[in-house]
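Visitor: I would like to learn how to read a structure such as this one, feature by feature. Could you take me through it, giving the general idea before the particular case?

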Amino acid sequence: IHKTRVNGICEASQEYIWMLDQDDIVSERWLLSQFECIQKYKTDMVIANGKRQISGKDYPIFKNDKTLKDATTIAPYVAFGNVIASPGQCLIRKSAIPVFWMENILWENCADDMYLWMLMLGEKKRIVINSEFLYTHVATGNNFSSDEKQTIRSERKVITLLVQSGLIEKKYLRYYKKRLDMREKFMFGIKSGILAKTYYCLCEIQKRMVLIYLRNTCKIK
């Protein structure tokens with residue numbers, strides 16, 4: 001998937017990149033609204049809000065502007081994972097896409113977008129939000145993002161690549177790895193339902209504590 005995206009970007013001749021998946025649905029206003037936003041703020045990327053469609057019901061991807069604004073900082077990605085449902089929410093300036101991401105392919109399908117956001121944040125690219133609901137992610141139940149084992153394999157490879165890039169502080173990568181270890185243990189390592197639920201609750205508390213810590217150390221406003 002990552003190599004296919006890179007091939008498409010290399011073929012693109014214009015200033016902006018918009019990556020759409022087969023299960024994306026977008027508003028008729030998507031392109032105009034996103035373009036106006038990226039032009040107004042002279043930014044490298046704009047993230048629109050949207051909805052997840054699960055069993056015919058829509059749920060907001062970002063509950064409010066605060067959680068949407070958080071997506072422009074590294075803290076929630078490290079503490080919780082990829083908070084952007086899909087690259088289809090984003091309009092990106094082609095020149096802002098990290099060279100490392102273009103040249104170092106993630107061959108384990110799934111987390112190429114998480115890899116991209118982390119590198120952009122590591123390079124301190126300017127990212128802004130568009131609170132308009134422009135995008136719908138449809139849960140088909142048959143894609144890589146719904147395969148937990150594949151997701152974990154892919155994200156572990158992302159960590160290896162981020163280490164090679166030298167763009168992300170080691171403390172972030174240490175917790176990123178620890179979060180994946182906790183996720184794998186919860187999903188596949190604990191057989192007892194009661195113990196799994198207890199462990200899940202403890203992990204959620206820890207992730208929120210890490211998020212608060214990272215917000216303070218990153219001086220997030």
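**Reading the core, the helices and the backbone**

Guide: Leaving aside its neighbours within four places in sequence, Y115 is in contact with H2, F100, W101, N104, L106, V158, L161 and L162. Please keep in mind throughout that this is a predicted model.

Visitor: Which residues have the most contacts inside the largest nonpolar core, and how many residues does that core have?

Guide: The general idea is that in soluble globular proteins nonpolar side chains tend to be buried together. Here the largest nonpolar core has 54 residues, and those with the most contacts inside it are I47, I92, Y115, W117, M118, L162 and Y176. Helix α6, which spans residues 112-122, supplies the largest share of this core, namely eight residues. Another core lies apart from it and has nine residues, including Y16, C37, V128 and L134.

Visitor: How do α6 and α7 pack, and what is the angle?

Guide: The idea is to read the angle between the axes together with their separation, and then to look at the residues that make the contact. The axes of α6 and α7 are 10 Å apart and the helices pack at an angle of about 25°, which makes α6 roughly parallel to α7. The crossing in which α6 passes α7 is right-handed. On the α6 side the contact is made by M114, Y115, M118 and L119, and on the α7 side by E155, V158, L161, L162 and S165. By residue type, this contact of α6 with α7 divides into seven nonpolar, one polar and one charged.

Visitor: At what angle do the axes of α7 and α8 cross, and how close do they come?

Guide: Helix α7 covers residues 148-165 and helix α8 covers residues 170-189; their axes come within 11 Å and cross at roughly 165°. The two helices are therefore roughly antiparallel to each other, and their crossing is left-handed. In α7 the residues E148, K149, T151, I152, E155, R156, V158, I159, L162 and V163 take part, meeting L173, Y176, K177, R179, L180, D181, R183, E184, M187 and F188 in α8. The residues of this contact of α7 with α8 divide into 10 nonpolar, one polar and nine charged.

Visitor: Which residues other than glycine have a positive phi, and where do they lie?

Guide: K42, which is not a glycine, has a phi near 50°; K42 lies in the loop between α2 (30-40) and β3 (45-54) and is exposed, with a relative accessible area of 61%. C110 is likewise not a glycine and has a positive phi of about 140°; C110 lies in the loop between α5 (99-103) and α6, but is buried, with a relative accessible area of 16%. Just after α6, K124 takes a positive phi of about 60°.

Visitor: Where does M45 lie, and what does M45 touch?

Guide: For a single residue, one reads its element, its accessibility and its contacts in turn. M45 lies in strand β3 and is buried, with a relative accessible area of 1%. Not counting residues up to four places away in sequence, M45 touches I38, C90, L91, I92, W117, M120, R126, I127 and V128.

Conventions: Residues numbered from 1 in each chain as written. Predicted model: local features only at pLDDT ≥ 70, side-chain atom pairs only at ≥ 80, totals over all residues. Heavy atoms only, no water. Core = buried A, V, L, I, M, F, W, Y, C linked by side-chain atoms within 4.5 Å. Buried < 20%, exposed > 50% of the residue type's maximum accessible area, 1.4 Å probe, protein only. Helix = DSSP H or I, 4+ residues; strand = E, 2+ residues; numbered from the N terminus. Contact = heavy atoms within 4.5 Å. Axes fitted to C-alpha atoms, helices over the stretch in contact; angles between N-to-C directions. Parallel < 35°, antiparallel > 145°, perpendicular 65-115°, else oblique. Left-handed = near helix turned anticlockwise from the far one by under 90°. Nonpolar A, V, L, I, M, F, W, Y, C, P; charged D, E, K, R; others polar.
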